[in-house]
Amino acid sequence: DALGLDARIPRLEQVSERLRSLTRWELIGVPGLIPEREFFAHLAQRRFPVTVWMRRRDEFDYLVEPDLFHDFFGHV
């Protein structure tokens, strides 16, 4: 509720603003898996990397690479 989420695909910029005001953390969009060094560098700066693409219907069972749903709804 505090982040103002609903059933739509989240707009990272808007959610990031709310998150920053509540926690001092922000979200940063990334194209997919990023190197560990880059991932942890973002975390050290209070930025949580969120993948900006969604898997296709035929990829629902399993996919090694995280997508927006996994990163946002699973971690944020």
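Visitor: Before anything else, what does contact mean here?
Guide: Contact means that heavy atoms lie within 4.5 Å, and in this predicted model residues 24 or more positions apart account for 20% of the contacts in the protein chain with a separation of 6 or more.

Visitor: OK, and how many helices and strands are there in the protein chain?
Guide: The protein chain holds 3 helices and 2 strands, and, read along the sequence, these elements follow the pattern α-β-α-β-α.

Visitor: What box do the C-alpha atoms fill?
Guide: Taken along the principal axes, the C-alpha atoms of the protein chain fill a box of roughly 35 × 35 × 15 Å.

Visitor: What percentage of the residues count as buried?
Guide: Of the 76 residues in the protein chain, 29% count as buried, while the accessible surface of the chain comes to about 5,800 Å², with 53% of that surface belonging to carbon and sulfur atoms.

Visitor: Which residues form the nonpolar patch on the surface?
Guide: The patch is formed by L5, I9, M54, F69 and F73, which together have about 510 Å² of accessible area; of these residues, F69 has its place in helix α3, which covers residues 68–75.

Visitor: Switching to charges, how many positive and negative side chains are there?
Guide: There are 11 positive and 13 negative side chains in the protein chain, and the centres of the two sets lie 6 Å apart.

Visitor: Is S16 buried or exposed, then?
Guide: S16 is buried, because its relative accessible area is 3% and buried means under 20%.

Visitor: And what is S16 in contact with?
Guide: Once its neighbours within four places in sequence are left aside, S16 is in contact with W25, E26 and L27.

Visitor: What about P31, where is its place?
Guide: P31 lies in the loop between β1, residues 26–30, and α2, residues 36–44.

Visitor: Why does P31 count as exposed?
Guide: P31 has a relative accessible area of 68%, and exposed means over 50%, so P31 counts as exposed.

Visitor: Which residues does P31 touch?
Guide: Not counting residues up to four places away in sequence, P31 touches T51, V52, W53 and E65. As for W53, its C-alpha atom is separated from that of P31 by 7.0 Å, although the two residues are 22 residues apart along the chain.

Definitions and conventions: Residues are numbered from 1 along each chain as its sequence is written. This is a predicted model: local features need pLDDT of at least 70, side-chain atom pairs count only at pLDDT 80 or more; totals for chains, interfaces and linings use all residues. Side-chain values use heavy atoms; hydrogens and water are left out. Helices (H or I, at least four residues) and strands (E, at least two) are DSSP runs, numbered from the N terminus. Buried means under 20% relative accessible area, exposed over 50%, partly exposed in between (1.4 Å probe, protein chains only). Accessible areas come from the Shrake-Rupley method with a 1.4 Å probe; for residues, only the protein chains shown count as cover. Lys and Arg count as positive and Asp and Glu as negative; His and the chain ends are not counted. The place of a charge is taken as NZ of Lys, CZ of Arg, CG of Asp or CD of Glu. Patches are made of residues with over 30% relative accessible area and no salt bridge: like charges are joined within 9 Å, nonpolar side chains (Val, Leu, Ile, Met, Phe, Trp, Tyr) within 5 Å. A salt bridge is a side-chain nitrogen of Lys or Arg within 4 Å of a carboxyl oxygen of Asp or Glu.
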